[in-house]
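Trainee: I have a model open and want to learn how to read its features. Where do we start?

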Amino acid sequence: MKYNKLGTSDIDVSRICLGTMTYGEQNTEQEAHQQLDYALEQGVNFIDTAELYAIPPRAETYGATEQVIGSWLKKRGKRDDIVLASKIAGPGPDWVSHIRGGHTRFDASNISHALDDSLQRLQTDYLDLYQLHWPERKTNYFGKLGYQADDSEAALTPVFETLQALEKEVRAGKIRYIGLSNETPWGMMQFIWMARVLDLPAIVTVQNPYSLLNRTYEVGCAEISHREGVGLLAYSPLGFGVLSGKYLDAEPAGARLTRWPHYARYSNEQAVAATREYVQLARRYQLDPAQMALAYVNTRPFLTANIIGATDMQQLKNNIASIELELSDDVLDEIEAIHRRYPNPSP
């Protein structure tokens, strides 16, 4: 395994991070524990979760993923061997109405409530990284392009109040470091600037989508990573599994997009055409398509960790093994050529 610093912190995290959003929905508790055991054996020490999970979000499985991880931690006694990250859900329409009665803001009350509940489910007394799952304001995330101003922002929690609330939890020993998720360059710089001016906790990471089908992070956020030391935690590095090629000519039984076809972010016409070319490229060089896609993400200079997920052990083994794959200059050149033909089809 290879390791990076968690942003500007002194924590070493595996470049492969284990994503867990399938636990409690697509994966049983037993299967999840098996995955966690195997990942730890392979040197993966970084585990990411969220109060929102399992996915897709619904009241019946809210918090189930954290509970599964908590039962594993209690059973194995491995808390000191892992770096554990979770997230507080932000505001949204009906799909988060079951969380705190739909009052999901980043104010002191919500942060305290959400954090304490996550710690209880995870059966630990601290998180190494606590993230804001998506911005409280309406902006460009979850595949949305073309910013449109919103006139109903008077009730938003000011950034400095959110940072003050997080600082209180840091001082209480419940959080070691903080991060953002699904954030824009403007949002990242607001948190960076406010923390610097008011001497409040600085963000060390941002968890945004990044894959061969979505390299929009490179446009504005990558420079912030370089200049401000905020590392990327890349999520959906396989585009919901699309880049494995398994959906090109079939609908695999039990797979995520077969069960929930409305998750169409990586399945539009341009994305399918680009995926076909990436898969063909991998096969010409006798590479596994999924490993090639992950290996590309693994090499990015702004990356802190690549968040992989799996619904079975073979997928997990394959994805973790991508850390050992080094792509040749020829493969990298051809990846760039495909990217020029199909730039960011799945933002």
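This is a predicted model: local features need pLDDT of at least 70, side-chain atom pairs count only at pLDDT 80 or more; totals for chains, interfaces and linings use all residues.

Trainee: Is W134 buried or exposed?

Mentor: Check the relative accessibility. W134 has 1%, so W134 counts as buried, the cut-off being under 20%. W95 has 34% and counts as partly exposed.

Trainee: What is the geometry of the Y141 and F142 rings?

Mentor: Their planes stand at 80° and their centres lie 5.0 Å apart, so this pair is edge-to-face. Y141 is buried at 18%, while F142 is partly exposed at 36%. Ring pairs join W95, W134, Y141 and F142 into a cluster.

Trainee: Where do charges sit over rings?

Mentor: Look for a charged end above a ring face. The charged end of R121 sits over the ring of Y62, 5.1 Å from its centre. R300 lies over the face of Y296, at 4.0 Å from the ring centre.

Trainee: Y296 belongs to α9. How many residues of α9 are buried?

Mentor: Ten of ten, across residues 289-298. Among them are M292, L294 and Y296.

Trainee: What caps the N-terminal end of α9?

Mentor: D288 does. A side-chain oxygen of D288 lies 3.0 Å from the backbone nitrogen of A290.

Methods: Residues are numbered from 1 along each chain as its sequence is written. Side-chain values use heavy atoms; hydrogens and water are left out. Buried means under 20% relative accessible area, exposed over 50%, partly exposed in between (1.4 Å probe, protein chains only). Helices (H or I, at least four residues) and strands (E, at least two) are DSSP runs, numbered from the N terminus. A polar contact is a pair of N or O atoms within 3.5 Å; within protein, one must be able to donate a hydrogen and the other to accept it, and residues adjacent in sequence count only if both atoms are side-chain atoms. Rings of Phe, Tyr and Trp (its six-membered ring) pair if their centres lie within 6.5 Å; planes under 30 degrees apart count as stacked, over 60 as edge-to-face and the rest as tilted. A charge sits over a ring if NZ of Lys or CZ of Arg is within 6 Å of the ring centre and within 35 degrees of the ring normal.
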